[in-house]
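This report describes the strands, the helices and some side-chain contacts of one protein model. Please keep the sequence and the structure in view while reading.

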Amino acid sequence: MGPSDWRRFSSFEVNLQTGELRTIHGPVPLERQPTRALRQLVANAGRLVPRDELRQAIWPADTHVDFDRGLNYCLRQIRVALGDDAKEP
């Protein structure tokens with residue numbers, strides 16, 4: 001794992017290989033699917049990530065889920081982990 005695997009944003013760092021999210025205070029727990037979503041978003045910072053690309057990054061092709069509900073859950077969990085508020089991002 002090299003230094004290029006880590007991406008920093010605000011007071012957070014995420015490892016694009018392992019999905020580990022951390023601050024200077026230590027690791028920040030995040031479930032598997034929200035971690036996959038965060039990795040995809042951070043890896044593509046500065047560009048709009050299409051919903052289908054997020055679906056492919058979060059769930060295997062043979063997985064059947066309510067995509068909108070699942071994606072909303074992932075984004076809510078990421079916001080909680082980052083201490084972000086959708087009303088005041």
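The model is predicted: local features need pLDDT of at least 70, side-chain atom pairs count only at pLDDT 80 or more, and totals for chains, interfaces and linings use all residues. Residues are numbered from 1 along each chain as its sequence is written, and side-chain values use heavy atoms, with hydrogens and water left out.

## The sheet

Helices (H or I, at least four residues) and strands (E, at least two) are DSSP runs, numbered from the N terminus. Four strands form an open sheet in the order 1-2-3-4, with antiparallel pairing. Its edges are strand 1 and strand 4 (26–27), each of which pairs on one side only. Two strands are taken to pair if DSSP finds at least two bridges between them.

Strand 1 and strand 2 are antiparallel and pair over four bridges. Across this pair, R7 stands opposite V14 in strand 2. The hairpin of strand 1 and strand 2 has two residues between the strands, and S10 takes a positive phi near 50° there. Strand 2 is joined to strand 3 by two bridges, again in the antiparallel sense. E13 stands opposite R22 in strand 3.

R22 also lies over the face of W6, at 3.7 Å from the ring centre. The criterion for a charge over a ring is that NZ of Lys or CZ of Arg is within 6 Å of the ring centre and within 35 degrees of the ring normal.

## Aromatic pairs

Rings of Phe, Tyr and Trp (its six-membered ring) pair if their centres lie within 6.5 Å; planes under 30 degrees apart count as stacked, over 60 as edge-to-face and the rest as tilted. The structure holds two such pairs. The rings of F9 and F12 are stacked, because their planes are at 20° and their centres 5.8 Å apart. The pair of W59 and F67 is edge-to-face, with 5.9 Å from centre to centre and 80° between the planes.

Buried means under 20% relative accessible area, exposed over 50%, and partly exposed in between (1.4 Å probe, protein chains only). W59 and F67 are both buried. F12 is buried at 10% relative accessibility, whereas F9 is partly exposed at 22%.

## Helix 1

How far apart are the end C-alpha atoms of helix 1? They are 16 Å apart, which agrees with the 16 Å that its 12 residues should span at 1.5 Å a residue. The expected span is 1.5 Å times one less than the number of residues.

The buried residues of helix 1 are P34, T35, A37, L38, Q40 and V42. An α-helix has 3.6 residues a turn, so residues three or four places apart point the same way. What covers the buried residues of helix 1 includes strand 1 (6–9), strand 2 (12–15), strand 3 (21–23), helix 2 and helix 3 (67–82). Cover here rests on contact, that is, heavy atoms within 4.5 Å.

Q33 is in helix 1 and is partly exposed, with 22% relative accessibility. Residues up to four places away in sequence aside, Q33 touches I58, W59 and C74.

Leaving out residues up to four places away in sequence, Q40 touches V49, E53, L54 and A57.

N44 is placed in the loop between helix 1 and helix 2. A45 lies in the loop between helix 1 (32–43) and helix 2 (51–58). Is N44 buried or exposed? At 16% relative accessibility, N44 counts as buried. A45 is exposed, at 63%. With residues up to four places away in sequence not counted, N44 touches V49 and E53. A45 and C74 are 29 residues apart along the chain, and their C-alpha atoms are separated by 17 Å.

The table gives polar contacts between side chains. A polar contact is a pair of N or O atoms within 3.5 Å; within protein, one must be able to donate a hydrogen and the other to accept it, and residues adjacent in sequence count only if both atoms are side-chain atoms.

| Side chain | Partner side chain | Distance |
|---|---|---|
| Q40 | E53 | 2.9 Å |
| N44 | R47 | 3.1 Å |
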